[in-house]
Amino acid sequence: MQRKIWMNGDYVDWEDAQVHILSHSHQRGSLIFGFIPIFENDGIISLFRLSDHVDRLFTSCETAGIPLDYSPQDIQLAIKDTVRKNPGSKFVKISVYIASIEIDVVPQDPFSTVAIAAYDPKEDIASKNTQPFHSSKELSVWLEKEKHQRRHDIIPPQVKIAGNYTSSMMAKWQARKNGYDEIILTDEEGYITEAPTSNVFIVNKDGCLLTAPEDDVLYGITRKSILEIASNEGIGVRVERIPIHELENAKEVFLTSSSHLLAPVIKVDGAMVGNGKIGNLTAKLKDRFLRITNSKDTIFTNWLDVI
């Protein structure tokens with residue numbers, strides 16, 4: 001079908017949603033973005049934690065100084081309308097960018113464009129590219145020891161801005177060449193933080209769930225959801241800085257994100273995690289999360305925002 005993309009209140013065809021090669025966001029990496037899963041249950045279409053995703057988008061724009069001339073309610077309504085116009089979509093991507101052609105790093109014309117695309121990544125993008133799309137349900141991960149996590153004194157890790165992903169892109173690309181699916185990053189002091197686009201969870205030898213503090217990682221909506229599920233399930237959780245030895249001795253490891261949802265890690269640096277299979281706690285949390293997204297849970301019904 002012909003996908004339609006919302007751009008500052010108007011709809012344009014997929015192939016017409018373009019920006020100049022010399023635009024500020026393209027040349028300077030200043031694009032802010034959000035990515036939201038869409039779930040369909042018995043013909044009912046829902047967006048996952050829509051208000052949380054939109055709030056994070058606005059926080060990123062405010063922190064980075066990118067102007068956004070819409071209200072959160074405006075953006076939520078535009079997202080819902082875009083999903084309605086693009087049936088069969090699996091995700092929504094919101095982009096806020098400075099489209100003007102600029103000379104300096106500080107834009108002379110700092111007016112931002114908002115674009116909202118609802119689509120099926122496999123059908124609309126991956127199937128049309130020349131190389132096969134890399135995908136794995138159980139991950140083999142490389143612990144990146146040279147390129148570190150995003151730094152607070154440069155760009156806070158909570159800001160979803162394009163330029164914040166360059167170093168992790170380089171490291172993950174190399175890891176893929178070396179046969180790994182994903183990487184885990186550390187901070188400058190060697191503590192475990194996150195993956196390029198995912199949060200990291202570790203189950204230690206005592207069966208406690210560990211994850212890095214929110215101030216040190218991307219504010220993950222799926223991360224937040226897993227922490228709330230763990231609390232409801234009575235699972236012990238520690239949110240704290242994680243030394244490398246906790247990863248090396250972990251019983252279970254998994255990543256969370258809007259695209260992965262919850263993805264088990266079965267190998268780190270070529271060594272098996274636990275017995276090399278999905279762990280019991282990982283499976284329990286994943287099953288509960290899927291019940292919620294399948295609209296079969298009675299506790300977290302407010303996470304699904306019906307279109």
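Biologist: What should I know about the model and its numbering before we start?
Modeller: This is a predicted model, where local features need pLDDT of at least 70, side-chain atom pairs count only at pLDDT 80 or more, and totals for chains, interfaces and linings use all residues. Residues are numbered from 1 along each chain as its sequence is written, and side-chain values use heavy atoms, with hydrogens and water left out.

Biologist: How many salt bridges does the structure hold?
Modeller: There are 16 salt bridges. The term means a side-chain nitrogen of Lys or Arg within 4 Å of a carboxyl oxygen of Asp or Glu.

Biologist: Take D52. Which side chain meets D52 in a salt bridge at 2.8 Å?
Modeller: That is R49, with 2.8 Å from N to O. D52 also forms a salt bridge with K224, at 3.5 Å, N to O.

Biologist: Where do D52 and K224 lie?
Modeller: D52 is in helix α2 (residues 50–64) and K224 is in helix α6 (residues 221–233), so the pair ties together parts that are 172 residues apart in sequence. Helices here are DSSP runs of H or I, at least four residues, strands are E runs of at least two, and both are numbered from the N terminus.

Biologist: Is D52 buried or exposed?
Modeller: D52 is buried, at 14% relative accessibility. Buried means under 20% relative accessible area, exposed over 50%, and partly exposed in between (1.4 Å probe, protein chains only). R49 is buried too. K224 is partly exposed, at 22%.

Biologist: And which residue pairs with E214?
Modeller: R223, in a salt bridge of 3.8 Å, N to O. E214 is partly exposed at 39% relative accessibility, while R223 is buried at 3%.

Biologist: Which residues do shared partners join into one network?
Modeller: R49, D52, K224 and E228, through salt bridges.

Biologist: New topic. Where does V12 lie?
Modeller: V12 is in strand β2 (residues 10–13). V12 is partly exposed, with a relative accessible area of 23%.

Biologist: What is V12 in contact with, beyond its neighbours within four places in sequence?
Modeller: R3, K4, I5, M7 and A17. Contact means heavy atoms within 4.5 Å.

Biologist: How far is the C-alpha atom of V12 from that of A115?
Modeller: They are separated by 10.0 Å, and the two residues are 103 apart along the chain.
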